[in-house]
Amino acid sequence: MAKLSNRFWFKLHGWFSLPVWIIFCFVCLTGTISVISHELTWLTNPESRASNPQHLAEKSMSELVDIVQQAHPTASITTVMSFESYLVNAVIFNDKDVPFAIAYVNQYTGKIQEINLGMTFTNFMRSLHGWLLFPWHSNYSVGYYIVCCMAIVMLGAFISGLVIYKKFWRAFTQPKLRVTQGKKTLLADLHRLAGVWSMWFLMLMSITGLWYLAQAIMWHNHIDLDPHAPLIEASQVPTSLNGVPVRPYTLSNALQVAEEKFPDFKSTYIMLPEHQRDTYKVYGQGDHIFYDQYAYGVTVNPWSGNIESERSPAKMTTLQTLSHIADPLHYGTIGGLWTKVIWFIFGIFLTGMSITGFLMWGSRTVKAARTDLDDTSTIYNPPLVEQEGN
């Protein structure tokens with residue numbers, strides 16, 4: 001009975017992995033690359049580097065907006081983003097005959113180092129990993145569902161693998177890697193070692209992946225986790241007979257309001273008003289390392305300077321908290337570059353496990369096919385001695 005049970009778990013482990021092996025391996029590989037996509041951009045594109053040889057103070061985002069506006073007087077600037085300290089800030093705008101452009105602005109020198117008119121490498125890898133570049137239909141993407149369902153595959157393979165591998169904890173104290181006993185043995189040892197040492201990572205990826213699946217279902221059913229920024233009352237917008245009225249409160253004022261509201265605030269994502277009833281949306285990070293770079297924020301009325309809405313971990317619901325801690329845990333940004341390196345290494349382990357698992361399955365399948373072929377040949381082609389004897 002025990003032997004039958006082990007066989008059942010072994011088959012279950014295989015079926016959780018093999019039918020979607022190519023997709024699973026691809027998602028693992030693209031996710032691993034996405035973890036260090038910013039660093040790969042820094043390595044391959046010199047214009048993305050925020051060099052600061054003179055040790056200048058960092059300019060505010062409002063100053064960067066002014067720099068881009070002076071260089072492109074007719075441009076409409078919509079968004080400003082900041083990343084790691086060694087990467088330039090991104091100022092997104094549109095202009096005549098330019099529907100979308102990203103200005104790479106050095107936040108120390110104020111120099112516009114490049115104008116990118118297409119998709120960045122980081123956005124491409126995140127999109128490829130997140131929804132396989134499938135199109136979005138209003139509030140859902142089939143590709144996003146496919147990727148999220150890999151969390152079920154991963155969790156099932158993880159649980160069944162633990163059941164198959166008896167006394168797996170010995171791999172921590174007595175790791176076994178037999179390199180001289182053939183390909184099959186080596187692959188099996190690599191697969192087991194990577195699986196045991198990656199247990200925490202497998203659980204973390206499975207849990208965050210299941211959250212992304214739940215989030216996709218909520219999006220599909222028009223359930224908003226974070227409320228939309230409120231519109232300003234029309235009565236608050238002044239009228240002007242000589243053209244468009246000038247907003248008395250600037251982006252610099254909005255940044256000051258956010259910094260006064262949250263003492264440890266560092267702005268990372270800003271959206272400028274798109275119309276007269278819109279607000280400054282200032283988001284950033286604070287003193288909670290497990291929350292993403294949008295966990296803190298305020299929307300500021302450009303006509304009165306008042307805070308129309310605010311966001312912080314202390315005021316989040318459970319679902320909002322989960323949505324803001326999932327990305328740092330999934331992509332390893334909680335501790336900066338060092339945790340990214342750790343996530344990258346274990347991402348390689350996870351990708352390698354999918355490959356070694358497939359190779360082991362392929363080896364057994366080929367061997368079983370040859371055995372069946374030999375048995376069939378014996379049945380339909382009896383030995384010559386037996387034929388003569390008959």
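**Group meeting: a hairpin and some ring pairs**

Strands β7 and β8 form a hairpin with 6 residues between them, and glycine 305 in the turn has a positive phi of about 80°. This is a predicted model, where local features need pLDDT of at least 70 and side-chain atom pairs count only at pLDDT 80 or more, while totals for chains, interfaces and linings use all residues. Residues are numbered from 1 along each chain as its sequence is written, and side-chain values use heavy atoms, without hydrogens and water.

β7 covers residues 296-300, β8 covers 307-311, and they pair in the antiparallel sense over 4 bridges. Pairing takes at least two DSSP bridges between the strands; helices (H or I, at least four residues) and strands (E, at least two) are DSSP runs numbered from the N terminus. Valine 300 has isoleucine 307 in β8 as its bridge partner.

Now the rings. The whole structure holds 15 aromatic pairs, meaning rings of Phe, Tyr and Trp (its six-membered ring) with centres within 6.5 Å; planes under 30 degrees apart are stacked, over 60 edge-to-face, the rest tilted. Tyrosine 144 and tryptophan 219 have ring centres 5.6 Å apart and planes at 45°, so they count as tilted. Tyrosine 144 is in helix α6 and tryptophan 219 in helix α9, so the pair ties together parts 75 residues apart in sequence.

Phenylalanine 201 and tryptophan 343 are edge-to-face, 6.3 Å centre to centre with 80° between the planes.
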